[in-house]
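Biologist: I'm new to this one and would like to learn how to read it. Could you walk me through it?

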Amino acid sequence: MRVTSLRLRNFRNHTDSHFEFGEGTNVLLGDNGHGKTNVIEAISYLCLTKSFYTRADSLAVMFGQDVFEIDGVLIADQGHVYRIRIAYQQSTGEKLFSINQQHTEPLSCVIGKFPIVISSPEHAPITSEGPVERRRFVDFVISQSSPIYFETLLEYRRVLKQRNKILLDAKLSKRDPGPLLLPWDEQLVRYGSYLMMRRGKFIEEFQQFISSAYHQLVGREEEPTIEYLPVSRIDETRSEEGFQTLLQTQLRAKGVEEKRTGSTLVGPHRDEFLLKINGRELRKFASQGQHKTFLVALKIGEFFYLKDRCQETPIMLLDDIFSELDEHRAKRLLSLVGELSQTFITSTNPHYFDDTMAFEDRNKIFHIQEGNSVAQNTFAA
Ligand SMILES: Nc1ncnc2c1ncn2[C@@H]1O[C@H](COP(=O)(O)OP(=O)(O)OP(=O)(O)O)[C@@H](O)[C@H]1O
Ligand SMILES: [Mg+2]
């Protein structure tokens, strides 16, 4: 998959910007605050119908305007052309998404259709903070490659919300939730065990993708691992039935505590994924450069995983990936991503690109200045 053209109107600080991208590496260069990340965000709107970092579409409308419009052309590996248009109106809150002039709804049906992989400073918490961000990462990758997983996840969230409400209401009114919980327990076990089985399988398969990416960036002296750690250790085989038994046992064991806290304490919403380098937990011991390298390895792993599963090459969006990396790692990263697919890289520093890349039709440089872009295949003096 690749984006051949993009037009932004009243989107963030872009009044009217037009891009014709190359098939290989597209570098967005410019000083801080000039609108590079905004271009990456617009590409995420094309492929995911939404921003990769803010939930509120209204924030993306240019100050003082009412409507933003994004038009783009995507071409699939097999040559199929998709003309995508997205328009959001702040005053009505209405968002229109169309593919080849056909209005598309619900927006969730676009998930996985146009695979992209994004690495941005917004994702740093995946390696450095609590399990929420890692669960979100894992859910996002599996969902892009499996609509059933995504649907089950939505069902699970619905069940969790209902179950939490019953527990909290009971706690507040000092009553026993009793049989009210039973149907929700059954659904929690059904959807939860499926999600856990898929997460376990995913981590098993994903390990090799991370190792291979990490080794290409660093060499073999550092060994990255990712481990799936459900709420409590499971000794049986990690089958769906194994997880069903685990969840049923835990629901019984935690019943009293759940009533005391008024919330669901058992299920995949409490899973952890441990990231390690040479057997040591990243979150506790790693340097900033190791964090960044791991994050980029996760993203390159995601790229190869999705390429394999979706039968469509994802687009790579790499926002500000060089900070914290030493020159050696940065150069290896650049030559690695240059071979992957169509890639977008933002940077404030032209120096990374001067001797590594030939800029012709395939690779392009765009100088972004105050929401305007100038395409150039050479560096400005
Ligand atoms: N809704 C909006 N309307 C107009 N301008 C906006 C809006 N939202 C953000 N901006 C402006 O966009 C600019 C930030 O753009 P962006 O994040 O793309 O910068 P950048 O080039 O990636 O910078 P950096 O190198 O610091 O990451 C800021 O000047 C900000 O004021
Ligand atoms: Mg930026």
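Biologist: Which atom of ligand 1 does a backbone N or O atom of Val 61 lie 2.8 Å from?

Modeller: A nitrogen atom of ligand 1. Asn 38 has a backbone N or O atom 2.8 Å from an oxygen atom of ligand 1. For His 34, a polar backbone atom is 3.3 Å from an oxygen atom of the ligand.

Keep in mind that this is a predicted model: local features need pLDDT of at least 70, side-chain atom pairs count only at pLDDT 80 or more, and totals for chains, interfaces and linings use all residues. Residues are numbered from 1 along each chain as written, chains are lettered from A and ligands numbered from 1 in written order, and side-chain values use heavy atoms, leaving out hydrogens and water.

Biologist: How many residues surround ligand 1?

Modeller: 15, counting a residue if one of its heavy atoms lies within 4 Å. Gly 33 and Lys 36 are among the closest.

Biologist: And how much area do domain 1 and domain 2 bury between them?

Modeller: The size of an interface is often given as the accessible area lost when the parts come together. Here it's about 2100 Å² (1.4 Å probe, summed over both parts), with 67% on carbon and sulfur atoms. By an automatic or database assignment, domain 1 is 1-115 + 312-381 and domain 2 is 123-310.

Notes
Buried area = accessible area lost by both parts, 1.4 Å probe. Polar contact = N/O pair within 3.5 Å; in protein donor to acceptor, adjacent residues only side chain to side chain.
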